[in-house]
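The entries below follow the order in which I checked them.

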Amino acid sequence: MSYSSGHGKASPEKLRKLKDLLLKSDNRICADCGALDPKWASSNIGVFICLKCSGVHRSLGTHISKVMSVTLDEWSDEQIDSMLEVGGNSYANSIYEAFLPAGYSKPKPNPNSTYDERAEFIRSKYELQEFLKPSLRIVSSKSSHLSSDSGKDKHSSSSLNSPANAKAQTSVIKSNLNPVWNEELNLSVPESYGALKVQVFDHDVISSDDIMGEAEVDLQPMIAGAMAFGDPDLLADMQIGKWLKSDDNALINDSPVNIIDGKVKQEVSLRLQRVECGELDMELQWIPLSQ
């Protein structure tokens, strides 16, 4: 089964650009196994892949890889723009395979590799990101909006759990159903990272705090974009990536990654889970450890 975008049909000009991108020499072979004439793509990662590798990509879930047929699926302008921003297989592999060890125990798949061989490599490459070594820390800020049907006074706080299992917590906002923190929380991101977990609590001075909702933030679009474009101080304001809303994540809207005044920033609006209704707005900023 192929993936249909649901974001509106792409313009003829955009479809022509997608075709031109596919015809570039480095995109005439699968980004993962080297098979000739790939007809599938991961629209959010920005690579062209063969049918066999597309099956592994699909198994990762759409929060990691959104698989589409280049010829059969209906593309949107935004999805094509995401592919164009990456620039093709060579550029994507320069990020995702930048630190592929010379003595890597399992060779990169070839067109005759088994499903298990492909799956092990592709999961290491995109899901675990073992070959991408960011030295980063993430700054979270902005405001939070929490809705509740309860008429009780609420003493609220929020916390962030980083992929390195480090934690940071805001101050407690007392007697407010719609708390706004406007605080900065600094967290480090390890070489092998997962999602950033955000939790909102109802503070209780007598017993343990009650969780009022939670959500997870996929850091891959920001990290991949920041690494691909280099020093943001040397670049004009521009969009360098996007985390796409899907049924598999808590996004309210697509979340673009932008360079603004020499800084890599991402606006994120989340619908909180494990709560009847609640939304959280936050801003992420990438700061290399060298700064």
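**Entry 1, the largest pocket.** I began with the lining of the largest pocket and counted 23 residues there, of which His63, Ala195, Glu216, Val217 and Asp218 lie nearest its centre. For this I worked on a 1 Å grid over the protein atoms alone, taking a pocket as an open set of points where a 1.4 Å probe fits, with protein on both sides within 12 Å along at least five of seven lines, and lining residues as those with an atom within 4 Å of a point. The model is a predicted one, in which local features need pLDDT of at least 70 and side-chain atom pairs count only at pLDDT 80 or more, while totals for chains, interfaces and linings use all residues. Residues are numbered from 1 along each chain as its sequence is written, and side-chain values use heavy atoms, with hydrogens and water left out.

The space in this largest pocket comes to about 420 Å³, a volume being the space filled by probe spheres set on the grid points, which are joined across faces, edges and corners. I then asked which elements supply at least two residues each of the lining, and found α5 (115-127) and β10 (210-217). The most is given by β10, with four residues. Sorted by type, the lining holds 11 nonpolar, six polar and six charged residues, where Ala, Val, Leu, Ile, Met, Phe, Trp, Tyr, Cys and Pro count as nonpolar, Asp, Glu, Lys and Arg as charged, and the others, Gly among them, as polar.

I noted six helices and 14 strands, both read as DSSP runs numbered from the N terminus (helices H or I, at least four residues; strands E, at least two). Of the 291 residues, 49% are buried, with buried meaning under 20% relative accessible area, exposed over 50% and partly exposed in between (1.4 Å probe, protein chains only). Among contacts (heavy atoms within 4.5 Å) with a separation of 6 or more, 60% are between residues 24 or more positions apart.

I counted 11 salt bridges, each a side-chain nitrogen of Lys or Arg within 4 Å of a carboxyl oxygen of Asp or Glu. In one of them Arg28 pairs with Asp37, their closest N and O atoms being 2.5 Å apart. Arg28 is partly exposed at 25% relative accessibility, and Asp37 is also partly exposed, at 37%.

Which residues does the side chain of Lys125 meet in salt bridges? One is Asp32, at 2.8 Å from N to O; this pair joins helix α5 to the loop between α1 (12-22) and β1 (40-42), 93 residues apart. The other that I looked up is Glu97, likewise at 2.8 Å from N to O; here Lys125 in α5 is linked to the loop between α4 (89-96) and α5, 28 residues apart. Lys125 is buried at 0% relative accessibility, Asp32 is buried at 0%, and Glu97 is buried at 15%. Together with Lys108, the residues Asp32, Glu97 and Lys125 are linked in a network of salt bridges.

Leaving aside neighbours within four places in sequence, Ser43 is in contact with Lys66, Met68, Trp75, Gln79, Ser82 and Met83.
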